[in-house]
Amino acid sequence: MAKTFKGGIHVPSSKNTRNSPIVEFPAPKTVSIPMQQHIGAPASPLVAKGAHVCVGEVIGRFDSGLSCPVHASISGTVKDIEMRPSYTGYGKTAHIVIENDFQNEVSPDVKPCPKKLDDVTPDEIIEIVKNAGISGMGGAAFPTYAKIASGIGKAKEVIINCAECEPYITANHRLMLEEPDRILGGARILLKALGLTHAILAVEDNKKDAAAVLTEKIGGDSSLEVVLLKTKYPQGDERQLMYALKGVELPAGKLPADVGCVIFNAETAAAVHTAFTTGMPLINRVVTVDGDAIGEPKNIRVPLGTSYEDVFAFCGGVKENAARVINGGPMMGAAQWDYNAVIMKNTSALLVLSDEHDTDKAAEAACIHCGKCVGVCPMHLMPNYLAAFAKADNDEMCEKFGVLSCVECGCCTYICPARVPIVQHIRNKKAQIQAMRKKMAASAAQKM
Amino acid sequence: MTGEPQTRKFLKMSASPHVHSPVTTTFLMLDVILALVPALIWSVYVFGWRALTLAAVSAAACVVFEFLYRRLTHKPDSIGDLSAVVTGILLAFCLPVNIPLWMPVVGAFFAIVIVKQLYGGIGKNVVNPALAARVFLFLSFSGEMTGFTAPHTHGVDAVASATPLASLQKGILPETELFDLFLGEMPGCIGEVSVTLLLLGGIYLLCRKVIAWHIPVAYIATVALITYLFPTGGIDGFTFMQYELCSGGLILGAFFMATDYVTSPVTSRGRIIYGIGCGLITVFIRYFGYPEGVSFAILIMNLFTLALDKLTKPVKFGGGKTVAKQ
């Protein structure tokens, strides 16, 4: 029996690229590498205009607090350091623009770990992961070294999240099929770093072929176990994942590590393996390029910092009817306004959608109180009431109905027959309340 | 930076999710209408073409009133959601076949303008428009509203007939065979008689996930339990229960009226309590008041919807019984 959680939705999976092998993206002429691709402080550029950089060379880092270094994904000359809007639309981020010299010269710093896995200490692994600039590649982009550190002494089990519950995306699926050893190797390294003996690889049951490959590769290794999950969105959310696997609810405001699990994305584990065995930091990733308005849907391995423009050109170009570009999956991905935006560490997919998918076209009608949103909310909230309270600016009732517990998965909005943008109303109110709390905390701190 | 851009058109910005379920309000209402069609056909078979005329007049009047109200008050047009059609058909379904044709028009005005639109339109009304209109007509024109004719006696030889519920209230088993009741060979409102076809429609709505099982099951089970335990007139409990379940508007009410989205709770637990409440009040009225209590029962429970939603607010994830120990 595949495991699952309460609520959620069955979205047409649209995994059109499930049989498209990962294609290496040809070296781009230029890349523009953002200094912020992770949660935490942005990295500071370490190179100046005109400098020569090698593949894997550190070009940005910030050493105090939570942050993640950034590396050159190609070799060449730094042409410019530009401030550009960040992909979320909030604020600006420095981008280091590198012109490719096509020499593919690798930095001398890129060296495999000299010790065997049995001999390294957790601290050494954390250092390797930190220096490799690895952050969560499933979407949230939390620095991986910090996640490992937070789990030490608390976690009893590692979970490798291979659910990939968003429609369209098959990047993890292809990685499991084509490079299972990297994922499994990464899982073993993560176990070693955390001093644990058991890791679960959680796979949705629409990827049974991948689960079979992983199981076969694991062989007799009892430290790794593949578990099938029912295909349902948002199974890949860490709370729903933990509930499905362990039958426990993660209390609000707690990290999985607080209740005994650390969860890593499949490709994050693969990146850890690469960093450990070759010394190559995180400089490229697998991206699913799909949607009804892209010429040739593909899975590609792209150097970080490659522009959407170059990616689309490689994938047969965008069609005439292209109306929107989504960074990520269709349920939680962010719409982009610019073809100059670039592939980042957490870009699992780029979707080019036509007007067919215009969610605005069907105008918002009145809520008919059907309760479908209540039935699908994986956080067991009442989205219809939350949206109404949020619209009415009734903060007190919003908080009473648990507005801050919303994970913004979008199930309510997907299912709403009246097409009320429920999650957007909730998102706005959440941001307002959080900003207000921050302000109050700051003014309280000032008074003291 | 990256050579000549291949496209310079503006990209559309929108908030996630970027995909949407194809099911819309119109879609759901269309399913409800489809589910009512078999019972409507049956009513034509039993009561003649006038049943269809009644339904058409009622539905058309509802649509016209909705259209005019929205137009005159400069609000966006809303007849496209088909909810007015559903209200019209449901209103006709709880009228006797020989009622003058202007009465459903009055009812439609009451349902659409007073009960629905004055409160803000679809989603905002407190009580079910069709049921409120039926009760309005019932209290205003009791004679016409209770002038039920026997099946297949339409036309010149219309025969007034007592409904099975009227007999049951006196503690007498109706003359109609139980099987005929189940099939729909009985006097009554045009849409309520065929238990079989209403069940068929109800099951269709359940399968299509247009409605959830909680309200109809809780409602019918409550009526079944109480009538089984407390039969009147010395009738055997099981027989009495079967007659009670197959007579009157229970099945129509439980599947099509009590499940009205706008006026029923959104939580599973709330829906069960709501269904039980409907059942208790229905039986109470059938025992001690009018022969039939479905309309009043649902209207009364409509008023509890908001309170039930708040009372049965789900425990949010992260605070339930299975919350992780730290």
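Contact here means heavy atoms within 4.5 Å. The model on screen is predicted.

Start with A:Asn384. Select helix H10 of chain A, residues 383-391, and pick A:Asn384 within that helix. A:Asn384 has a relative accessible area of 9%, so this residue counts as buried, the cut-off being under 20%.

Next, show what surrounds A:Asn384. Leaving aside residues up to four places away in sequence, A:Asn384 touches A:Cys367, A:His369, A:Cys373 and A:Val374 in chain A, and B:Val266 in chain B.

Chain A supplies 80 residues and chain B supplies 54 residues. Between them, chain A and chain B bury about 5500 Å², with 58% of that area on carbon and sulfur atoms. On the chain A side, select A:Glu249, A:Ile368 and A:His369: these lose the most area to chain B, together 13% of what that side buries. A:His369 is also one of the residues touched by A:Asn384.

How many salt bridges does the rule find across the interface of chain A and chain B? There is one. To see a salt bridge, select B:Lys12 and A:Asp355, whose closest N and O atoms are 2.7 Å apart. Across the interface of chain A and chain B there are also 23 residue pairs in polar contact, with both residues at pLDDT 80 or more.

Last, select strand S15 of chain A, residues 322-327. Strand S15 gives five residues to the side of chain A that touches chain B, the largest share. Colour that side by residue class: 41 residues are nonpolar, 21 polar and 18 charged.

Note on methods. Residues are numbered from 1 along each chain as its sequence is written. Chains are lettered from A and ligands numbered from 1 in the order in which they are written. This is a predicted model: local features need pLDDT of at least 70, side-chain atom pairs count only at pLDDT 80 or more; totals for chains, interfaces and linings use all residues. Side-chain values use heavy atoms; hydrogens and water are left out. Helices (H or I, at least four residues) and strands (E, at least two) are DSSP runs, numbered from the N terminus. Buried means under 20% relative accessible area, exposed over 50%, partly exposed in between (1.4 Å probe, protein chains only). Buried area is the accessible area (1.4 Å probe) that two parts lose on being put together, summed over both. A salt bridge is a side-chain nitrogen of Lys or Arg within 4 Å of a carboxyl oxygen of Asp or Glu. A polar contact is a pair of N or O atoms within 3.5 Å; within protein, one must be able to donate a hydrogen and the other to accept it, and residues adjacent in sequence count only if both atoms are side-chain atoms. Ala, Val, Leu, Ile, Met, Phe, Trp, Tyr, Cys and Pro count as nonpolar, Asp, Glu, Lys and Arg as charged, and the others, Gly among them, as polar.
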